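The following exercises are to be worked through in order. Each task sentence is followed by a solution in steps.

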Amino acid sequence: METHLRDYTKFRPKPAEEIGEVFRRANRMFVLSCGKCYKVFEQEDEGQYEQLLETLGDDASKVAGHKRVDFLCNEFLSGKKISGLDLGDSDSIGVMSCGLGVQFVAGLFEQTPVYALSDSVAHGLNYPSEVGYHGISLEDDSCAACSQCYLNLTGGICPITNCAKGLLNGPCGGATAGKCEVNSDVDCAWVRIHDRLTKRGELLSFGYVHTRDYSRPSWKTQNNLSLQNRESRGEGFYGGFHPLEKKEVTADRRIEQFAEPQTAVIFLCQHIGKRARPIVEPGEMVKVGQKIGEADGFVSAAIHSSISGKMIAVEDRPYPAAPRKELAVVIENDGKAEMHPSVQPRTGYEALPKEALLEIIKESGIVGLGGAMFPTHVKFSPPKPVDTLLVNGCECEPYLNTDNRLMIEHTEEILAGIGIVQRILSVDRVLMGVEENKPEAIAALSRFSDKYPSVQVVSLKTKYPQGAERSLIKRLLDRDVPPPPKGLPFDVGVMVSNVGTLFAIYQAVAKGVPMFQRVITVSGEGLSRPGNYLVKIGTPIRDIMRHCLAKDVEGLLEEYDVKMGGAIMGIPQANLDSAVIKGTTGLTVLRRHPVGVSEERDCIKCGRCVEVCPMHLYPLFYGLYGKQGDLGKALEHRVEECVECGCCEYICASKIALLSFIRQEKAYARSADKG
Amino acid sequence: MLAVQIKAKEEILPLISSKRLFIFECLGCRDVHYPVEEAQELIGSLDEEIVGKATLDYLCHRDYSREYIKAYAPEIDEAQVILVFSCGVGAQVLSSLLEDRKVYTGCDTLYLSGFQGLTAKEYNCGQCGECYLNYTGGLCPVALCSKNLLNGPCGGSQNGKCEVDPDMPCVWQQIYDRLARLGQLETMERLGAPKRWNASPLQ
Amino acid sequence: MKSKSNLERVLEAGHFAVTGELGPPASADAEVIRKKARILKGHVDAFNITDGQTAVVRMASWAAAVMGKQEGMDPIVQMTCRDRNRIALQMDVLGIAALGINNMLCLTGDHQKFGNHPAARGVYDLDSIQLLKMVRDMRDEKKFQCGDDIAVEPRLFIGAAENPFADPFEFRVPRLAKKVEAGADFIQTQIIYNVDKFAEWMKGVRDRGLHERVKILAGVAPIKSMGAARYMKTRVPGMDVPDSVLERLQGAPTKEQVSRQGINLCVDIIKQVREIEGVAGIHLMAIEWEEVVPEIVEAAGLLPRPVLPE
């Protein structure tokens, strides 16, 4: 990094005599030490405990135990860790951290004395007049948070944090050779301000005498904002964040049928599990809805043609969900749109037994349409009993409105689909989570509440990644699914299903329509025709871009990212040569940012990745060991429990390519397992 | 952690009146607090021509700001005034990278308790360099007492609330209750010596 | 004797002391002080001059005290920690001692938000207890707070305030003990209307033997109007005004009658607290109503005030 990074560690050990005094008040002390924050992250352990033992000398025998807790002031995670500790015979707790950590721990223990073994320090130039806050960076600039910003008067140099006397009306008489009388290493702030204003052609305004209002901000203002913040952060489940939703671009656009492609590229593997076996030969004519790929084994899914025409080839094509090629059936449209005779409405489907329904779902090639693409017939045959079905109507990714429009325009079909699944799973109770950014959908669903009384619609405050299974289960049922890779929702008696999947199930069972088309949202920046389109599986992405873009398609990827999915977890396309698959929830076009993630940058231990991880992990370690090339160490920090939601990478102040490191470390762990 | 409030329009207008504007908006601390709608409303209400807008996070990182300035160079050149919506750190960084341009901030910055993470705390740390927590059952009188008393409470403590705001807890009442629970009430009679306000960061 | 204070002499001689109080004007008018001082003369042993009470700007206490001294009386300079740091406080202590003033009262100070300059920065470099110790050490150790020697020390009779009615109630006696340890020679309490609660506090004081180490002056004040009564009950932090007091005043038919009741109530309370063991005197606060001080002191049987040689 070009810029020099400072060490803003917020505490130092107390003087030895004071530590001695503290230990005289205790018989046995358990020591907690914070892993520090706001310094370049270079090593996992800072050696504070060893330092303490050295200081203690003989008193070290009074230490009952020690635990390092990273980001001690993160109340949720640290609280969990501390409550799980065996404190042995200790009668007191000693804390090495800044005052926040000490106060937090003291608040946890009502009956046990908690002692500070450290002093908190400030790093501002201007202390003690002002504590200057450095923001989320390790550079020199700091802000006094005076709530009455003077920067517009001073050319952007803060007089409160930079002037030792916090003067607001020009320099005092003490500066010598441009240096401050208090600290001769430091430039006089007002000399700097004068120079800056001169450069800008602005005169110092001597007319108005500035005085500071120390009653601002009022305690009430700060307290209200703090309460708002805690409420918002704690909503529903630990972690997550609130991206700009950008739903309004397409929220009100009705689902529109997208033109059939001239050539359909239908991948044989659009699901978790084994690739389907092609059952058509080049030269054969196929019809809409005709099965062209047979499920290969139990964890696999059938593939159907989305157009009528001639099957040209089975060949490798760029896959949209991963940087590799996959086998695809290529079909040339004959323009006849002829439906296969197997596509027939089914009367009396309500009476069908569970096995028959599962067979239809399997034959129809239905997989999880929320993006996971897990074969639905397999999912609905869980090894453990399920007492609740959760319907995921969250759609927490920015820009996407696929599920939203389905809930508005095909409300009853979705509810009927839910009914079918209830029969399969023998489940009475259904909770449907819909984020409150979809008021029309919630209203539409409520209109049917009498007809479908077992489905309870719950309006949820928006927070990413609420739509992730574990977060949704926690939010709606307050149940904790055991962590990956082994834990799954049925471990706590729950099944989660996406709104789009349920619609597809209804279509398959009631209308005999197999999986050959789906709704996708095309949205983002630079589009002339954003919208929610019903597209045929296998429609080339280039076709869609040509229709929706305001500019020329060629050269698009030089300035823009095209992501399959939403803005956060969407998979960036390396080229426009791929096609729509069952898991394509949308195509999001975003102008590329001047600064992207990198594997080179240093972590500054701001602790935000830890705050946003819905799996309660510490992602900064994945970054540290990724950068140091010590991939195996990431396992010690539970990298296999990561669900790759992208929250950590999104919030990272240093823009570290955390997902890339995580994927490398998981791959390493998998190969280490096998090897 | 730093949070911002949008300045009153009357304060900003004289600085930008009839000028071509380029706007920088920092969303890095949005999850702490950033008044998105208010900012949008203000920007939307301006008559001035906006030649460009850069939305980014962590404007306080010099390296990022540099890249954004490069990427938006033509528009920034065209602008007469650069208006920044960010905390004071980001505003200062940007101002220092555009030294000879007119850069103004549209925000006031305030502080919510807590240094790291995104969640504000119910307590605070005064970073004073002489932790007094061992005599107060683990509550900081420097940061949480309106008069930063070391020998509190004062005579204005009533029903556990501070005289400054009837909703604000009196930390010395809380300290008293804590020490009572810990059986350390005699500590309340310890005479806290005058604070060395210059104890931080030097020894 | 620690000082040349008349108040100290009166208390040492065993008399039941009477101190008064006046608030300086929010102007540069010296005449206001002189007039008020003359009303109190002969009816009090010493009198306080408030220092930026409720954070409203008024003439500095030490300046008004000089005028009080010129009237031949024994002023008590009140000093708060809100407006001055330890440097200024020690400077002012040297100044008032040099001007021949013999008494001071050490206070924390009402928060600036209550006054007419809420935007001002509250200094609070020290609190009242640290201030007490600092002034006591200046007098008895002849040292400044930093440890430097003082050639001619300020010989002041040092007082502090205590509020038996503030929270937490259980701590109010220990807090007094702390002030005594820190160096308080005399104490003036917050205005008493709830005599029972005050008696409870005094019991705690006696149990710790504090009444023998420090002279406690019970705060009393006449109530001028119903408005004043209600204001004190609801808007002044740390004041305990029982409903019975309001009822007593409400019974009176005219404004003059209400004031009369207010005066009578004050006299009654003085007589009651005089009976409580350990109470060394009263502190009579008739702010902006100084003209009733003579009749209250007389009606309470506290005249004539002792005149003792220096």
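**Exercise 1: Domains of chain A**

For chain A, an automatic or database domain assignment gives domain 1 (11-120) and domain 2 (349-511). This is a predicted model, in which local features need pLDDT of at least 70 and side-chain atom pairs count only at pLDDT 80 or more, while totals for chains, interfaces and linings use all residues. Residues are numbered from 1 along each chain as its sequence is written, chains are lettered from A in the order in which they are written, and side-chain values use heavy atoms, with hydrogens and water left out.

Task: State how far apart the C-alpha centres of domain 1 and domain 2 of chain A lie.

Solution: The two C-alpha centres are 47 Å apart.

**Exercise 2: The interface of chain B and chain A**

Task: Describe the contact between chain B and chain A by residues, area and polar interactions.

Solution:
- Step 1. Counting contacts (heavy atoms within 4.5 Å), 88 residues of chain B and 97 residues of chain A take part.
- Step 2. The buried area (accessible area, 1.4 Å probe, lost on being put together, summed over both parts) is about 8,200 Å², and carbon and sulfur atoms give 51% of it. On the side of chain B, B:Gln92, B:Gln116 and B:Asn134 lose the most area, together 9% of what that side buries.
- Step 3. Eleven salt bridges (side-chain nitrogen of Lys or Arg within 4 Å of a carboxyl oxygen of Asp or Glu) are found across this interface. One of the salt bridges joins A:Glu110 to B:Arg181 at 3.0 Å, N to O.

**Exercise 3: The interface of chain C and chain A**

Task: Which residues of chain C lose the most area to chain A, and how many salt bridges are counted between these chains?

Solution:
- Step 1. Four residues from chain C and six residues from chain A form the contact.
- Step 2. Together the chains bury about 360 Å², with 47% on carbon and sulfur atoms. C:Pro118, C:Ala119 and C:Arg121 lose the most area in chain C, together 96% of what that side buries.
- Step 3. The salt-bridge count between chain C and chain A is zero.

**Exercise 4: Nonpolar cores**

Task: Identify residues with the most contacts inside the largest nonpolar core.

Solution:
- Step 1. A nonpolar core joins buried Ala, Val, Leu, Ile, Met, Phe, Trp, Tyr and Cys residues through side-chain atoms within 4.5 Å, buried meaning under 20% relative accessible area (1.4 Å probe, protein chains only).
- Step 2. The largest core has 150 residues, and those with the most contacts inside it include A:Val105, A:Leu620, B:Phe22 and B:Phe85.
- Step 3. Among the residues that B:Phe85 touches, beyond four places away in sequence, are B:Ile6, B:Tyr34 and B:Cys107.

Methods:
Buried area is the accessible area (1.4 Å probe) that two parts lose on being put together, summed over both. A polar contact is a pair of N or O atoms within 3.5 Å; within protein, one must be able to donate a hydrogen and the other to accept it, and residues adjacent in sequence count only if both atoms are side-chain atoms. Buried means under 20% relative accessible area, exposed over 50%, partly exposed in between (1.4 Å probe, protein chains only).
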